[in-house]
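Subject: Structure handover

Hello,

Here is the structure I promised to pass on. Please have a look at it before you read my notes.

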Amino acid sequence: MMNQKVLEISNLRIGYKRVLSLQPISLSAYRKDLICLIGRNGTGKTTLLNTLSGVIKPMGGDFNICGQPVSSIPARKKSLYVSFVPSKIDAVANMTLRNLIAIGRTPYTNIFDHQQAKDQQLIEQVIAKFSLEALADRALSDVSDGEKQKAMIARSIVQQTPLILLDEPTAFLDFFAKQQLLQELKQIANTENRCILFSCHDVEMAVEVCDKIWLIDQGKLQELSKNQFNEMNYLKTDDHKK
Amino acid sequence: MKTRSLENTVKFIVISIVWIGLVLFDLTVGTNHISLGNIVDYIFSPEQLSSSTIFTIKEFRLARVITAVVAGAALAVSGLLMQTIFRNPLAGPYVLGISNGAGLGVAIVVLGGSLWGFSRSIETSNWVILLASGVGAAAVLMLILAVSMRVKDVLSILIVGILISGVVASIVSVMQFFSNDVNVKSYVVWTMGSLDAVSFAESILLIPICLAVILILYFFSKPLNLMLLGESFALTMGVNIKMLRIIIFTGVSLLTGAVTAFCGPLGFLGLAVPHISRWIFNTSNHFVLIPSSVILGAVFLLCGDILSHVLYAGGVLPINAIISILGAPFIVWIVLKNQRTII
């Protein structure tokens, strides 16, 4: 079970509106991996996350999630494999944090969205784990962006997918909340046995907690270890600033 | 969680009681005097009533009340679903231009009547009107569906809908310009909306159409709940967005088309009632909001109908005007209450 492969990308070509964003990608990711996706604006980070989460189709090649080729997973089943946390969600009137977190169970419920006792138990457990008890019945419109973000991550945990993708989860947080969130993600990857891939512009902070870095530079996505990345002196060199 | 569902049950019981009370009260309202006793007799022992009373109750009152209940429900549900699909609190059955499409169909028949060579008045040719408005609504729907197949962005569809509305309204005003004053008057009266022109047989026809469509739409509550958090999020949760859009648009067009055909374009209700439901039930869950909109839409239109009969002793005021006056304060208040949220 250890080091089980979650994501296997082979010769995947991604792009948007028929323009290829990156050179073909071949990479793998495993359970307990916390991977930070780094790259400048417009280099294709969101395109990669959108492709992996199924929002847009790959332009060629394929990737496997838990050994299943994604093209063979029906759309409605995909939410059992990947959960996606967008960088920001709109406030929906009269939706509580608990409602939002419960959405993570919808791939498992029937057509009337009936939650069974075990679904409700799991939701309450995750609420407790994220210390959201006091906020659970507050409306989304009445909590901060950071709290909404946290609830959205709690939702993806409730969804129990092996792969969790986050698009700039730290974007709307203050310095300390960022550090706290990254620590929490690391803990989730480890204790919940998930593979987490997130894009981030707080490079130094993110590299600190991650074991692996996926760097997009000069049209190419490459995997680096923390040491390799530090040796590269990414933030100081000028090559990618053009 | 348990207390929440108990609370909702209590709320449903309360609004249902209000609903039944208004149905009974509305039956007694009208030009001829019909007492509550007559209504009770009509239900349990109709042989005690004179045939003219029975006729009045059935053809005028019952027909009108059934229409109010069904039309109110249909428009409220249409508005709710439009607001969800477009993620816009100002959406309603009007915005896609479907009501206007129905209006164009009617205009072609009524205003163009002299051109086509038949000049029957609007009251005596309900079935022609029905067909015309149905075809008009369907034509606009086809256009919108064609656009939504090609366009990914829901905002663009909204803009196209508004443009179609505008173009259709302009065509109607050109037709008004060239038409004679009798036809123009009869068209304008139709646009004011009326529940009185509907016969018992027609009102009975509305029930299965609207009930079936609302029931089918109810089964899509789960994907609709996911749509609240945005289209791309819904996509990652496995919602087939194009399919959902087509189903919802078709359902809404059927509901709006049928109601508009019988009662004229009833504005505002579809916009206001979903907000009132959200406020009363304090939820964004379509499993609760669809049934509550059904009841509250009926309650809203019944109130409008009662007021339009009671306020002016000499006749019936245009229901469209009454429901706008009734609904606007609610909307203003709700907007002021939660400024930070969208739907």
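This is a predicted model: local features need pLDDT of at least 70, side-chain atom pairs count only at pLDDT 80 or more; totals for chains, interfaces and linings use all residues.

Salt bridges
The structure holds 14 salt bridges over all chains. One of them joins Glu124(A) and Arg98(A), at 2.9 Å from N to O. Glu124(A) sits in helix α4 of chain A and Arg98(A) in helix α3, 26 residues apart. Arg98(A) also pairs with Asp137(A), with the closest N and O atoms 2.6 Å apart. That pair spans 39 residues, and Asp137(A) lies in the loop between α4 and α5 of chain A.

How accessible are these partners? Arg98(A) is buried, at 14% relative accessible area. Glu124(A) is partly exposed at 34%. Asp137(A) is exposed at 56%.

Another salt bridge links Asp202(A) to Lys178(A), at 3.2 Å between the closest N and O atoms. Asp202(A) is in the loop between β10 and α7 of chain A, and Lys178(A) is in helix α6, 24 residues apart. Lys178(A) is buried at 14%, while Asp202(A) is partly exposed at 21%.

Helix packing in chain B
Helices α4(B) and α7(B) pack at about 20°, with axes 9 Å apart. They are therefore roughly parallel. The crossing is left-handed.

Surface patch
Ile111(A), Phe112(A), Leu215(B) and Phe219(B) make a nonpolar surface patch of about 370 Å². Phe112(A) is in the loop between α3 and α4 of chain A. Phe112(A) is partly exposed, at 39% relative accessibility.

Best wishes

Methods
Residues are numbered from 1 along each chain as its sequence is written. Chains are lettered from A and ligands numbered from 1 in the order in which they are written. Side-chain values use heavy atoms; hydrogens and water are left out. Patches are made of residues with over 30% relative accessible area and no salt bridge: like charges are joined within 9 Å, nonpolar side chains (Val, Leu, Ile, Met, Phe, Trp, Tyr) within 5 Å. Accessible areas come from the Shrake-Rupley method with a 1.4 Å probe; for residues, only the protein chains shown count as cover. A salt bridge is a side-chain nitrogen of Lys or Arg within 4 Å of a carboxyl oxygen of Asp or Glu. Helices (H or I, at least four residues) and strands (E, at least two) are DSSP runs, numbered from the N terminus. Buried means under 20% relative accessible area, exposed over 50%, partly exposed in between (1.4 Å probe, protein chains only). Axes are lines fitted to C-alpha atoms, for helices over the stretch in contact, and angles run from 0 to 180 degrees between N-to-C directions. Angles under 35 degrees count as roughly parallel, over 145 as roughly antiparallel, 65 to 115 as roughly perpendicular and the rest as oblique. A crossing is left-handed if the near helix is turned anticlockwise from the far one by less than a right angle, and right-handed if clockwise.
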